[in-house]
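Hi,

Here is the structure I promised to pass on to you. My notes on it follow below.

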Amino acid sequence: MEQSTTDAVGAAWRALGGDPGDAAQLDLRGPAGVLPSRLPVTDLAVACVAAAGLAGLELARARGASPSGPLTVDSRAVAVAFTSEHHLRLDGRAFTGFAPLSRFWPAADGWVRTHANYPHHRQRLLTVLGVDPTAADDDALAAAVADRIGAQPAAEVEERVYAAGGLAVAARTPRQWDEHPQAAAVAAEPLVRLNRDAATAPRPGPPPPPGRPATGIRVLDLTRVIAGPVATRFLALLGADVLRVDPPGLPEIDGQHLDTGAGKRSTLLDLSRPADRDRFDALLAEADVVVAGYRPGALDRWGLAPQALRRHRPDLVLAYLSAWGRAGPWADRRGFDSLVQAATGIAEVERRPDGSPGTLPAQALDHGAGYLLAAAVLRALAARARTGGAWTVELSLARIARWLRHELPAGPATAGTAPEPDAWCAERDAPAGHLRYALPPVSLPGGPRTWATPPTRWGSDPPRWRAEPA
């Protein structure tokens with residue numbers, strides 16, 4: 001393993017406040033550059049996964065277990081996990097990553113990246129561009145969108161689409177982003193914010209079984225798409241009872257749910273209905289962790305601000321993930337990995353030979369944020385077990401992008417090739433059909449190699465905790 005990878009692991013663990021001596025437990029394996037890029041993407045990926053594994057070992061010790069043996073992290077397993085959506089199969093069928101209108105478009109003075117995977121975002125994009133979504137097939141719609149965007153400056157498209165509740169950003173150069181006020185706000189934030197907000201009694205709990213230090217921990221998953229679900233999926237691997245809660249009117253994309261739903265259950269609650277709100281509050285009163293992946297303040301209108309959540313459970317661990325950070329002019333904007341890559345200059349760094357903007361070899365901001373978020377939650381749970389406390393965790397995709405571009409040690413750029421996935425994938429039956437899926441990129445000594453249960457169907461589970469750990 002390259003020295004740059006070891007240095008990246010150390011940087012991630014320090015950002016989490018971990019003991020530097022813990023890194024001696026790691027056995028880092030595999031070739032460099034398995035996620036080929038001009039940026040140190042492989043180092044980022046291995047560092048985030050290793051940090052999550054180290055945090056799991058710390059929680060095991062804090063709860064009275066004695067894990068033995070090294071923690072093995074293989075870069076090839078990490079690369080397959082970070083590109084898991086490409087390896088997913090349902091009854092032999094692959095899934096499309098991006099919808100036809102989610103892509104880069106030439107603008108009058110540059111490029112625009114749109115995200116229209118969800119029907120409501122697609123509708124808003126077409127409406128603001130004056131394109132009738134019922135008038136043509138996808139190819140004709142794409143041609144119409146290209147005409148509209150091509151006639152306008154990129155920043156104007158960005159502002160108009162955002163004002164309509166859609167998703168689009170102007171693709172910026174690294175310098176343009178670094179001079180943007182949102183970049184300054186992001187630079188002022190730590191990579192991971194892990195705060196002890198109040199004193200409460202320690203809650204060690206009974207010693208967990210080998211490799212499953214989160215057994216008995218209950219997690220409310222209020223996240224969507226990739227980063228948040230990746231975090232809660234890792235918590236489920238380590239034994240947590242994870243219940244994802246969604247509003248009934250916003251179904252998840254099938255491939256994304258199957259890819260990130262392993263080990264968890266999925267239920268639907270409409271918090272505007274008193275009966276559903278009562279059920280949610282009952283779940284909250286017995287939760288240990290709430291993970292939220294919505295924009296800062298977006299849940300406040302439902303009475304889910306941090307202070308309100310803690311009235312139900314004073315020692316809740318609250319974990320918040322955002323696209324653009326907690327402060328700055330873009331703090332309340334929606335965003336996804338692809339948009340953050342475009343806005344922060346990464347697409348320019350990865351520019352293709354034909355001159356068009358490029359992308360990272362994985363949605364590495366999403367996956368990296370997911371494992372770092374899981375690591376921070378596990379460290380908070382370990383601290384709560386030892387000394388108590390109410391803890392808050394925060395991180396953002398934009399801050400991960402800054403870490404990648406500015407702070408990670410430089411390593412091999414385009415060296416290496418993507419691994420063959422077969423050794424790092426498995427198959428199993430699920431309610432939706434027969435799945436081929438990427439295995440977890442790390443498991444704790446003595447723990448399971450895969451999740452206890454396959455993904456259930458979206459929204460198919462009752463709104464209650466398991467009677468017993470899975």
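Which strand does R265 lie in? R265 belongs to β10, residues 265-268 (strands are DSSP E runs of at least two residues and helices H or I runs of at least four, numbered from the N terminus).

Before the rest, some ground rules: this is a predicted model, where local features need pLDDT of at least 70 and side-chain atom pairs pLDDT 80 or more, while totals for chains, interfaces and linings use all residues. Residues are numbered from 1 along each chain as its sequence is written, and side-chain values use heavy atoms, without hydrogens and water.

R265 counts as buried because its relative accessibility is 10% (buried is under 20% relative accessible area, exposed over 50%, partly exposed in between, with a 1.4 Å probe and protein chains only). Its side chain reaches the backbone oxygen of R464 at 2.9 Å. Among the residues that R265 touches, leaving out those up to four places away in sequence, are D241, R244, D461 and W465 (contact means heavy atoms within 4.5 Å).

Two loop residues may also interest you. Most residues other than glycine have a negative phi. D91, in the loop between β3 (89-90) and β4 (104-106), has a positive phi of about 55 degrees although it is not a glycine. V225 also has a positive phi, near 70 degrees, and sits in the loop between β8 (218-222) and α10 (227-237). D91 is exposed, at 56% relative accessible area, whereas V225 is buried, at 10%.

Happy browsing!

Technical notes. Polar contact = N/O pair within 3.5 Å; in protein donor to acceptor, adjacent residues only side chain to side chain.
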